[in-house]
Amino acid sequence: MRSFFILALLLSAVGAIRLSAEEPARKGAKLRLSTKEVFMGKSKAAETLIDSLIIYNDGDEELSIYSVFTGCSCTGATYPRSTIAPGDSIPLHLRFHDKRQPPGRFRKLLRIRSNDPSSPARFFITGVILPDRD
């Protein structure tokens with residue numbers, strides 16, 4: 001009788017494991033970026049660098065972008081102020097301009113706050129400031 005209860009317990013545990021493995025994917029909005037690092041190019045400090053990336057919604061609910069935090073006034077980001085339908089995408093336009101940036105490589109962190117449960121999404125912009133030569 002005791003072995004019967006142990007066997008029943010083991011079978012129910014296996015069934016529970018199988019059910020949890022078959023659960024559907026997490027519901028909700030799911031933000032995905034076309035890249036985690038955008039190389040803005042090379043320029044002199046007085047010039048403005050411009051590039052973009054794509055924000056995708058891989059979830060099954062609308063994705064709302066609340067803000068893009070750039071961390072400094074030398075970096076800017078603009079995007080359409082609308083929700084992103086499941087399976088759709090929008091461009092995120094980026095700008096870098098810092099006439100006081102010393103020559104060499106730069107790397108700036110940006111964060112995107114949204115209704116994705118894993119928010120904020122993080123990515124970097126990078127580039128090279130060339131020395132001024134007369």
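At 13% relative accessibility, glutamine 101 counts as buried, a class defined by a relative accessible area under 20%, with exposed meaning over 50% and partly exposed lying in between (1.4 Å probe, protein chains only). The model is predicted, so local features need pLDDT of at least 70 and side-chain atom pairs count only at pLDDT 80 or more, while totals for chains, interfaces and linings use all residues. Residues are numbered from 1 along each chain as its sequence is written, and side-chain values use heavy atoms, with hydrogens and water left out.

Glutamine 101 belongs to the loop between β6 and β7. Leaving out residues up to four places away in sequence, glutamine 101 touches Ala45, Phe96, Phe106, Lys108 and Ile129, where contact means heavy atoms within 4.5 Å. Two of these partners, phenylalanine 96 and phenylalanine 106, are also partners of each other. The structure holds one aromatic pair. Phenylalanine 96 and phenylalanine 106 form this pair, which is stacked, at 3.9 Å centre to centre and with 10° between the planes. Rings of Phe, Tyr and Trp (its six-membered ring) are paired if their centres lie within 6.5 Å; planes under 30 degrees apart count as stacked, over 60 as edge-to-face and the rest as tilted. Phenylalanine 96 lies in strand β6 (residues 89-96) and phenylalanine 106 in strand β7, so the pair ties together parts that are 10 residues apart in sequence. Phenylalanine 96 is buried at 1% relative accessible area, and phenylalanine 106 is buried at 4%.

Helices (H or I, at least four residues) and strands (E, at least two) are DSSP runs numbered from the N terminus. Of the 134 residues, 32% count as buried. Among contacts with a separation of 6 or more, 63% involve residues 24 or more positions apart.

Four strands form an open sheet of mixed pairing, in the order β2-β8-β7-β4; two strands pair if DSSP finds at least two bridges between them. The edge strands, each pairing on one side only, are β2 (37-44) and β4 (65-69). The twist averages 20° from one strand to the next, with axes taken as lines fitted to C-alpha atoms (for helices over the stretch in contact) and angles running from 0 to 180 degrees between N-to-C directions. Strands β4 and β7 run antiparallel and are joined by four bridges. In this region serine 67 stands opposite arginine 113 in β7, and valine 68 has isoleucine 112 in β7 as its bridge partner.

Strands β7 and β8 pair in the antiparallel sense over nine bridges and form a hairpin with six residues between them. Arginine 105 has valine 128 in β8 as its bridge partner. Proline 120 is found in the loop between β7 (104-114) and β8 (121-130). The peptide bond from serine 119 to proline 120 is cis, with omega near 5°, whereas most peptide bonds are trans.

Within strand β8, threonine 126 is buried, with a relative accessible area of 3%. Neighbours within four places in sequence aside, threonine 126 is in contact with Glu37, Val38, Phe39, Met40, Gly41, Arg105, Phe106 and Arg107. Threonine 126 and lysine 42 are separated by 84 residues in sequence and by 9.5 Å in space, C-alpha to C-alpha.

The largest nonpolar core has 27 residues, and those with the most contacts inside it are Ile55, Ile65, Leu92, Leu94, Ile112, Phe123 and Ile125. Such a core is a set of buried Ala, Val, Leu, Ile, Met, Phe, Trp, Tyr and Cys residues joined through side-chain atoms within 4.5 Å. Two or more residues of this core come from each of β1 (31-33), β2, β3 (49-57), β4, β6, β7 and β8. Not counting residues up to four places away in sequence, phenylalanine 123 touches Leu33, Thr35, Lys36, Leu53, Leu92, Leu94, Lys108, Leu109, Leu110 and Ile112.

Arginine side chains were also examined for placement over aromatic rings. The charged end of arginine 32 sits over the ring of tyrosine 56, 4.2 Å from its centre. Arginine 81 lies over the face of tyrosine 79, at 4.1 Å from the ring centre. A charge sits over a ring if NZ of Lys or CZ of Arg is within 6 Å of the ring centre and within 35 degrees of the ring normal.
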